[in-house]
Amino acid sequence: MKGSGVGAAGERGRGPVVAALMLGMALAALDGTIVSTAVPQIVGDLGGFSVFSWLFAGYLLAVTVTLPVYGKLSDTFGRKPVLLAGIVLFLAGSLLCAGAWNMAALIAFRVVQGLGGGALQGTVQTIAADLYPLKERPRIQARLSTVWAVSAVAGPAIGGLLASYAHWRWIFLINLPVGAVALWLIARHLREPSRTRPAARPRVDWPGALAIFAAGTLLLTALVQGGIAWPWLSAPSLGLFGGSGVLLAVVVVVERRAAEPIIPGWVWRRRTIAAVNLALGALGLLMVAPTVFLPTYAQSVLGLGPIAAGFVLSVMTLSWPVSAALSNRVYTRIGFRQTAIIGITLAGLILLAFPLLPYPGEPWQPALLMLLLGGALGLFQLPLIVGVQSTVGWSERGTTTASVLFCRQVGQSIGAALFGALANGVLSARLGGGDLDSVARALTRDESADELRRAVAAAVDYVYVGAATAAALSLLVLLFVAPRRFPVLDEPNADGPVP
């Protein structure tokens, strides 16, 4: 069966599939925010305070390194089996997390969750592009962006309520009914097109997948733990970076010889895809400034409580989906590249405005900047994702989408390490020692509070300048690498899932 199911009957049938995609995205989006607020209760019950950060790092590692694998599998075997397997794996990990008996077990089960989360993030975005033609894609992307926005606001509140009035284990058990509904809707309503079976049985590049997983694990471990668990120039850091470099070379060799490589060479040989990968990698880098450092700034410098500090950040997630939903009115007139250039230019200027805020300032000032930043990034990210998905056919869309998300995830990991080192360096220079964590703890005891607050403000200012630099790098990629016009394929010839 051909077509993307866009007619009247198709429009009626798409509703359950879209609902399932939103539920699947909610599982992944809520995961980080809902767990973070329950960390004190988890540590109090299981212990393991020195390694609790791996609750997040382990999940991030698993999601990042499996994205390209799931992208290739969805192009080879179809979206539906990959998404169903991902949801089942995520729910199995959630059930195991709820029954964890110590911190080591919980971290291991979080990795299992992440293995399913990689399938959720990549495949949901790919099916969304399959379901809707180019002109209608902003609708589904805006809905998925809204899921992330609602999760950013509701996740901490839900996690806090469950941890305070029920038990922290319920933050994992709550995934089960949500995932069960998504499973049922996908299994019942998503019908993929019948395709001509290839003469030869599709072969999965398992050696390449294993090499990518190993290289990505070593690299992201070095980035996540460097400067925290051990110094950057210590033997563990150098060993991990060296090992990841060797394994990346192995990946290149294995992928060149593979008949069906996990990361095909065309991902980087095609100018449009390579440019979008680099641009969104820079987006992951700059997003570390507001998501990681702004809450610390709001609490340490502005003196806000955790809930109010979360609101300062959450306003960005409110303007982002609105801007993304309206971006099609811009890119249909001036093109994907020009719209993204406008968005990232505005984002860079807004990031540069942050260090100009008065000290200590009022909470509405950074909140206003984050509201504007969300609007700018909505104009930047969505046109690039929609544009690059529209340059490939069904059989390449999963790999393309996964490569984009993979680069953004790697950018976030690099940004966390880079900007963490930058912030701690500024604090050390101003205070003669210490890091962001130790300063934050000292502020709770009011030790030389004004001096410490000024040091934190200076450190976050430098981080925002670094984020503006990442925006400038993304702008340079769009100006000098991306083509003026994306080579969009004709929609009538595209085939995709039929709801």
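Modeller: Happy to! Let me start at Glu 396, which counts as partly exposed at 21% relative accessibility. Please keep in mind throughout that this is a predicted model. The side chain of Glu 396 meets that of Arg 270 in a salt bridge, at 2.8 Å from N to O. Glu 396 belongs to helix 18, while Arg 270 sits in the loop between helix 11 (266–269) and helix 12, so this pair ties together parts that are 126 residues apart in sequence. Arg 270 is likewise partly exposed, with 31% relative accessibility.

Elsewhere, salt bridges with shared partners join Asp 75, Arg 79, Asp 130 and Arg 397 into one network. Arg 397 brings us back to helix 18, which covers residues 394–431. What does the side chain of Arg 397 meet in a salt bridge? Its partner is Asp 130, at 2.6 Å from N to O. Asp 130 lies in helix 5 (residues 103–131), and the pair links distant parts of the chain, 267 residues apart. The cut-off for buried is under 20%, so Glu 396, at 21%, is classed as partly exposed.

In total, the structure holds five salt bridges.

How do helix 12 and helix 17 lie relative to each other? Helix 12 spans residues 271–286, and its axis comes within 10 Å of the axis of helix 17, with the two crossing at roughly 150°. That angle makes the two helices roughly antiparallel, because anything over 145 degrees is placed in that class. The crossing of helix 12 past helix 17 is left-handed. On the helix 12 side, the contact is made by Ile 273, Val 276, Ala 279, Leu 280, Leu 283 and Leu 286. Helix 17 contributes Leu 377, Phe 380, Gln 381, Leu 384, Ile 385 and Val 388. By class, that contact has eleven nonpolar residues, one polar and no charged ones.

Helix 17 itself covers 364–389, and the loop between helix 16 (336–353) and helix 17 holds Pro 360. The peptide bond from Tyr 359 to Pro 360 deserves a look on your screen: it is cis, with omega near -5°.

One last stop, at Leu 247 in helix 10 (residues 235–257). Leu 247 is partly exposed, at a relative accessible area of 23%. Setting aside residues up to four places away in sequence, Leu 247 touches Ala 214, Ala 215 and Leu 218. Leu 218 is 29 residues from Leu 247 along the chain, and their C-alpha atoms are separated by 8.8 Å.

Methods
Residues numbered from 1 in each chain as written. Predicted model: local features only at pLDDT ≥ 70, side-chain atom pairs only at ≥ 80, totals over all residues. Heavy atoms only, no water. Helix = DSSP H or I, 4+ residues; strand = E, 2+ residues; numbered from the N terminus. Axes fitted to C-alpha atoms, helices over the stretch in contact; angles between N-to-C directions. Parallel < 35°, antiparallel > 145°, perpendicular 65-115°, else oblique. Left-handed = near helix turned anticlockwise from the far one by under 90°. Contact = heavy atoms within 4.5 Å. Nonpolar A, V, L, I, M, F, W, Y, C, P; charged D, E, K, R; others polar. Salt bridge = Lys/Arg side-chain N within 4 Å of Asp/Glu carboxyl O. Buried < 20%, exposed > 50% of the residue type's maximum accessible area, 1.4 Å probe, protein only.
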